[in-house]
Structure formats: structure tokens, C-alpha cells
Amino acid sequence: MTATARHAEPDPPEEGGAWALVKASQNGDMVAFGQLFDRYYDVVFRYVLFRMGDRTLAEDITQETFVRALRRISSVSYQGRDIGAWFVTIARNLIFDHVKSSRYRLEQTTNEIIELSPSTNGPEQQVLDGATNEELLRCVRKLNPDQQECIQLRFLQGLSVAETAEMMDRNEGAVKALQHRAVRRLAQLLPEGLR
């Protein structure tokens with residue numbers, strides 16, 4: 001194997017996958033970009049919503065993520081990873097920009113309760129479930145940023161260890177260790193009755 005062959009970028013998977021849609025988008029096919037939008041909107045939105053805690057702001061940042069992606073679609077190339085990681089990276093950068101802005105420091109956001117499962121019990125149970133979710137999310141926000149991202153991707157978005165590793169640009173062993181430390185820390189942070 002030559003040095004050039006060792007360092008060449010891998011070829012993207014061909015037929016019908018996300019990278020085929022990227023290639024078509026790079027050639028001006030807006031229907032293909034629309035399919036990418038449909039495929040990855042929920043992943044990006046859930047990521048942003050968890051980080052920002054404000055549904056309207058999350059919608060705005062998610063929309064801006066795809067606007068920026070469309071502008072830059074010609075610059076992206078296959079690196080052996082799912083294109084979703086690129087969309088999440090754009091969203092992460094937009095979140096960082098927003099948090100650094102002075103406007104964000106002046107805003108007071110209300111936390112939205114993420115429904116993990118519909119409640120089939122009466123209003124009392126719904127209130128208890130909401131309080132439990134709120135406390136859990138409050139404790140997750142006390143974790144360091146990497147642990148928060150790991151918990152959010154693994155448990156709120158339901159990604160596998162491999163998918164989480166890809167999104168976080170880490171190997172699977174590092175994600176497993178990070179998840180273990182995050183869950184252990186959450187157990188320390190949660191009130192006794194919720195552990």
C-alpha cells in the first residue's frame with residue numbers, strides 16, 4: 001500500500017444512502033437536500049432542545065443549522081462518518097455562539113418538560129412524572145458538557161454506543177467510560193427518592 005493510498009479519504013457508500021443525498025445536493029438537487037433535512041431534523045432538534053431548554057429557540061437554531069448546512073454543502077466530504085455528525089457539529093457551534101452572545105445572558109428561559117413516555121394515569125401522576133423529569137433534567141445539566149452530551153445522545157435520543165461515538169467523534173470505549181461516569185454522577189446528584 002502506498003503512502004498516498006493510506007492517507008486517501010475513504011469512498012462514501014454509494015447507492016441510496018445519506019452520502020448519495022449529499023452528493024446529489026452538491027450537484028444542486030434540492031429534493032435530495034430536503035430528504036437530508038427530513039432524515040436529520042429530529043436528531044438535531046432534540047440535541048438543541050436538550051441543550052437550550054427552550055422549544056422556540058431550539059426550532060430557530062435547528063432551522064439555522066440547516067440553512068448553514070445548505071450554504072456549506074459543497075465543502076463537506078466523506079470522512080467515514082454519518083453526515084448527521086456534521087449537522088450536529090453545526091448545531092453545537094450555533095449553540096456556543098448563542099450562549100456567548102450578550103442577548104442570551106439577559107434571557108430568562110423556562111424549562112420545558114420532555115415527555116419520555118405518555119402517561120396513562122390521572123393528573124396526579126402526570127404532575128409527579130413532570131416533577132421527576134424536571135429534577136432529572138436539572139441534575140443532567142449539572143454534569144460536565146461531555147457527560148451531558150453523552151446522556152442526551154444515548155438516553156434522550158436513543159442512539160447506540162456506536163452512533164454516539166460517531167456523533168461525539170470518540171471511540172466506543174471512550175463513550176462507554178463517559179456514560180458510566182455520567183450515570184454514576186447522576187446517581188449522586190439525584191435526590192434519594194429518585195435514584
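1. Buried here means under 20% relative accessible area, exposed over 50%, and partly exposed in between (1.4 Å probe, protein chains only). The model is predicted, so local features need pLDDT of at least 70 and side-chain atom pairs count only at pLDDT 80 or more, while totals for chains, interfaces and linings use all residues. Residues are numbered from 1 along each chain as its sequence is written, and side-chain values use heavy atoms, with hydrogens and water left out.

2. Helix 4 covers residues 55-72; helices (H or I, at least four residues) are DSSP runs, numbered from the N terminus. Its 18 residues reach 26 Å from first C-alpha to last, close to the 26 Å expected at 1.5 Å a residue (1.5 Å times one less than the number of residues). Buried in helix 4 are L57, A58, I61, T62, T65, F66 and A69. An α-helix has 3.6 residues a turn, so residues three or four places apart point the same way. The cover over the buried residues of helix 4 includes helix 3 (30-52) and helix 5 (83-100).

3. D54 sits in the loop between helix 3 and helix 4. D54 is buried but has no salt bridge, and the nearest side chain of opposite charge, R55, is 8.2 Å away. A salt bridge would need a side-chain nitrogen of Lys or Arg within 4 Å of a carboxyl oxygen of Asp or Glu. At the start of helix 4, a side-chain oxygen of D54 comes within 3.0 Å of the backbone nitrogen of T56. A polar atom of the D54 side chain also lies 2.8 Å from the backbone nitrogen of L57.

4. The largest nonpolar core has 42 residues, of which L36, V48, I83, W86 and F87 touch the most other members. Such a core is a set of buried Ala, Val, Leu, Ile, Met, Phe, Trp, Tyr and Cys residues joined through side-chain atoms within 4.5 Å. Helix 3 gives the most to this core, with twelve residues. Leaving aside neighbours within four places in sequence, F87 is in contact (heavy atoms within 4.5 Å) with L36, Y40, V44, T65, F66 and A69. Another core, of ten residues, lies apart from it and includes F50, V140, I151 and L186.

5. L189 belongs to helix 10 (residues 172-189). L189 counts as buried because its relative accessibility is 18%. Not counting residues up to four places away in sequence, L189 touches C139, K142 and L143. L189 and E135 are 54 residues apart in sequence and 9.8 Å apart in space, C-alpha to C-alpha.

Note on methods: Helices (H or I, at least four residues) and strands (E, at least two) are DSSP runs, numbered from the N terminus. A polar contact is a pair of N or O atoms within 3.5 Å; within protein, one must be able to donate a hydrogen and the other to accept it, and residues adjacent in sequence count only if both atoms are side-chain atoms. Lys and Arg count as positive and Asp and Glu as negative; His and the chain ends are not counted.
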